[in-house]
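Trainee: Can we go through this one together? I'll ask, you answer.

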Amino acid sequence: MERTESERHILSIQVENQPGVLSRVAGLFSGRGFNIESLCVAETMDPLVSRITLVTNGDMGVVEQIKKQLNKLVNVLKVVDFTGANFVQREMALVKVRARPENRAEILRLVDIFRCRVVDVGTEYYSVELTGDEGKMRAFLDLLKPMGIKEIARTGALALAREKK
Amino acid sequence: MKGLTGAEILLKGLEEEGVDTIFGYPGAAVIDIYDRLAKTDIRHFLVRHEQGAVHAADGYARASGKVGVCLVTSGPGATNTVTGIATAYSDSIPLVVLTGQVPRALIGNDAFQEVDIVGITRPCTKHNYLVTDVNDLSRVIKEAFYLARSGRPGPVLIDLPKDLMSMQGSYHPGKDVTLKSYQPTYKPHLKQLSKVIGLIKEAKRPMILAGGGVALSKASDELRKLARKIIAPVTTTLMGLGTFPASDPLWLGMIGMHGTYRANMSTSACDLLIAVGARFDDRVTGKTEAFASQARIVHIDIDPTSIRKNIPVMIPVVGDCRLTLHILNDLLEKEKLNGVKKVREPWIRQVEEWKSTNPLAYVQGEVTKPQFVVETLFKLTRGEAIVATEVGQNQMWAAQYYHLDTPNSFITSGGLGCMGFGLPAAIGAQVANPGKLVVDIAGDGSIQMNIQELATAVQYHLPVKVVILNNQYLGMVRQWQELFYEKCYAGTCMEHAPDFVKLAQAYGAAGLRAAKPDEVEQVIKQGLALEGPVLMDFQVEREEGVYPMVPAGAPITEMLLV
């Protein structure tokens, strides 16, 4: 097949909210050698439907196969690829950063600039909650890194299409 | 409707689906089902290994066009079905596989004979179910059959916890199956078809590649009509054999690794390739970059994932093969194709020429050639047998020398290449066609993988004839070793085999042997004349190869000839 540039794609997959469905989706990716960068799953307003937001990468041919293969799964209701579309994207992270006395003010300043929140304060660490798109996450984490990040928990990307204005 | 046990609901559901035949093997987890099954009119064939049950159901489905059904117990019973399920999945064969499961309260406890068969078979079923509520059972059965036979068919598994089978529940399958998330496209896009017609009119060197989808959707008549109308020679994949008559002048022979010289040469020379119900497997394409490199490719398939998976396609057409070809033929009726015959003349002449340049050939000497056995079988059966095959050289010689004119009469494990498939599949085909001659063309290696099913054939008086091309090697691998591994025959020499004649007799079947070429015809005649199952052992040239052969990954025009 023709090779094109590998690109990052955010897929929003609506699935039936049933046991084993996530494993079908994940198994499809592992079995066919597709890549999962991140994965978020939760119920939608309809308790019978869950939304999987999945970030993958591949060239056009690969991503076309991924979408077709997902659609082929009996429990998959709808697959939307946000690439090229107008959408909002957010990710959340909880970061436990070392808060040495000389860094404390700097951390709080960064938290302010990035509009984050400190959600837990210990004697040696601050836990910070950060929400934003991929670029913001990376920028904030790069700034915290030199101070020492002890632990981090990230959700992976969530996305929704923008309403037409 | 109240007051039915799970087992009763299950059997009622199967009867509603028109099931009259089950291949199976009982065990503790399905004992309630068997108890109920004995009280219905459904015929049960007790196999000797669960893998045999799935292959038999598979052979039954391929030969009859109906959904094959098998029933096995939990744990090892279920795991033994996996190879059979994967075989059916690769070839898109409609099956419903019923597996017993431990009672619900024990699931996840590593109970005796417990496995997560739904987890294990997720990647090799079209869909599968673990039923956890007896009131869901009737709906699940209906859905399973619908999924198995609709769209691109495939195997569906239903896992049945034992406690549900004796519990009371209600039977309410619903009227029609409606699955929001599953709506196969049968009707092709007309815009796409008009583009196809444009290409047909422009083409100077068109050809058609037909695959298993043509057999599955019963599109053979439409295929023939199209080929004659547009004057395009036809090749098929292994799975497509029989969908176009081998006696037709437009027939090119099979394509691919062991395809005919003219089929492979035509593919690389054609300027329009219409692929119908084929998925461009690597054994078909060889090196993909060099495949049909001069051609515009039209790909008709009901499964969108098959399109542009391996080969770039100019016009994709998603639709049922029969319906699509039918509409295409109708549209072509309105077109003026008068000039086509003249335009195609040089192409048809070229194809004719290739027919005689390197035809399939072998030289029969003092030792029996395996091709000679298949050819003799073909002559003596006038090509009218249902042929099942094992996998390997035997399969390829069967494909090359048993020239088929009718679809659904070549039963072979194409995609998975599953040794041990042939005998149980032949049994299933025989059950579906009691009056017909069913022959399993086998190798001495493959036949030993499910030889125990001879007992099944004998028990149920199923007169399958097994032709063993016995070269005391795992011949296909040996051939690769000969060609690409400096004749290092590692692990492929099988000099210790049972005496097949005596073995057949021990099972209560007849056994015959032909040690020399001049005995071949006599043995086949004698074997075919016998009433019950027969095992025929043909001692053949040990190091005969299958040719032409395209080395794996090479362009299909780079054939090693005899």
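Trainee: Which residue stands opposite L11(A) in strand 4 of chain A?

Mentor: D81(A) is the residue opposite L11(A). Note that this is a predicted model, with pLDDT of at least 70 needed for local features and 80 or more for side-chain atom pairs to count, while totals for chains, interfaces and linings use all residues. Residues are numbered from 1 along each chain as its sequence is written, chains are lettered from A and ligands numbered from 1 in the order in which they are written.

Trainee: How many bridges are there between strand 1 and strand 4 of chain A?

Mentor: Five bridges, with strand 1 (residues 7–16) and strand 4 of chain A pairing in the antiparallel sense. Two strands count as paired if DSSP finds at least two bridges between them. The elements are DSSP runs numbered from the N terminus: helices are H or I of at least four residues, strands are E of at least two.

Trainee: What order do the four strands take in that sheet?

Mentor: The order is 2-3-1-4 in chain A, in an open sheet with antiparallel pairing. Strand 2 (38–43) and strand 4 (76–81) of chain A each have a single partner strand, so one side of each lacks a neighbour in the sheet. From one strand to the next, the twist averages 20 degrees.

Trainee: Which strands does helix 1 of chain A touch?

Mentor: Helix 1 (residues 21–31) packs on the sheet and touches strand 1, strand 2 and strand 3 (49–58) of chain A. Contact is taken as C-beta atoms, placed from the backbone, within 7 Å. The direction of helix 1 makes about 150 degrees with that of strand 1 of chain A. Axes are lines fitted to C-alpha atoms, for helices over the stretch in contact, with angles from 0 to 180 degrees between N-to-C directions.

Trainee: And where does helix 2 of chain A lie?

Mentor: Helix 2 (residues 60–72) lies across strand 1, strand 3 and strand 4 of chain A, and runs at about 160 degrees to strand 4 of chain A.

Trainee: Changing topic. How many residues of chain A are in contact with chain B?

Mentor: 18 residues of chain A, against 14 residues of chain B. On the chain A side, helix 1, helix 2 and strand 4 of chain A are the elements that give two or more residues. The largest share is from helix 2 of chain A, with six residues. By class, that side has four nonpolar, eight polar and six charged residues. Nonpolar covers Ala, Val, Leu, Ile, Met, Phe, Trp, Tyr, Cys and Pro, charged covers Asp, Glu, Lys and Arg, and the others, Gly among them, are polar.

Trainee: How is chain A divided into domains?

Mentor: Into domain 1 (7–81) and domain 2 (89–161), with bounds from an automatic or database domain assignment. The C-alpha centres of these two domains of chain A lie 28 Å apart. Seven residues from domain 1 of chain A and six residues from domain 2 of chain A make the contact.

Trainee: Which strand gives the largest share on the domain 1 side?

Mentor: Strand 2 of chain A, with three residues. Strand 1, strand 2 and strand 3 of chain A each supply at least two residues there. The residues of that side of domain 1 of chain A are four nonpolar, three polar and no charged.

Trainee: What about chain A as a whole, how many helices and strands?

Mentor: Four helices and nine strands. The C-alpha atoms of chain A fill a box of roughly 55 × 40 × 40 Å along the principal axes. Of the 165 residues in chain A, 22% are buried, meaning 20 or more other C-beta atoms within 10 Å of a residue's own; 12 or fewer is exposed, in between is partly exposed, and C-beta atoms are placed from the backbone.

Trainee: Over to chain B. Are the faces of strand 15 covered or uncovered?

Mentor: Both faces of strand 15 (residues 386–389) of chain B are covered: I386(B) and A388(B) are buried on one side, V387(B) and T389(B) on the other. Strand 15 pairs in the parallel sense with strand 17 (residues 438–443) of chain B over four bridges, where T389(B) has I441(B) as its bridge partner.

Trainee: How many bridges join strand 15 to strand 16 of chain B?

Mentor: Two, and strand 15 and strand 16 (residues 410–411) of chain B run parallel. A388(B) stands opposite I411(B) there.

Trainee: And how is chain B divided into domains?

Mentor: Into domain 1 (4–169), domain 2 (190–357) and domain 3 (370–539). The C-alpha centres of domain 1 and domain 2 of chain B lie 37 Å apart.

Methods. Contact = placed C-beta atoms within 7 Å.
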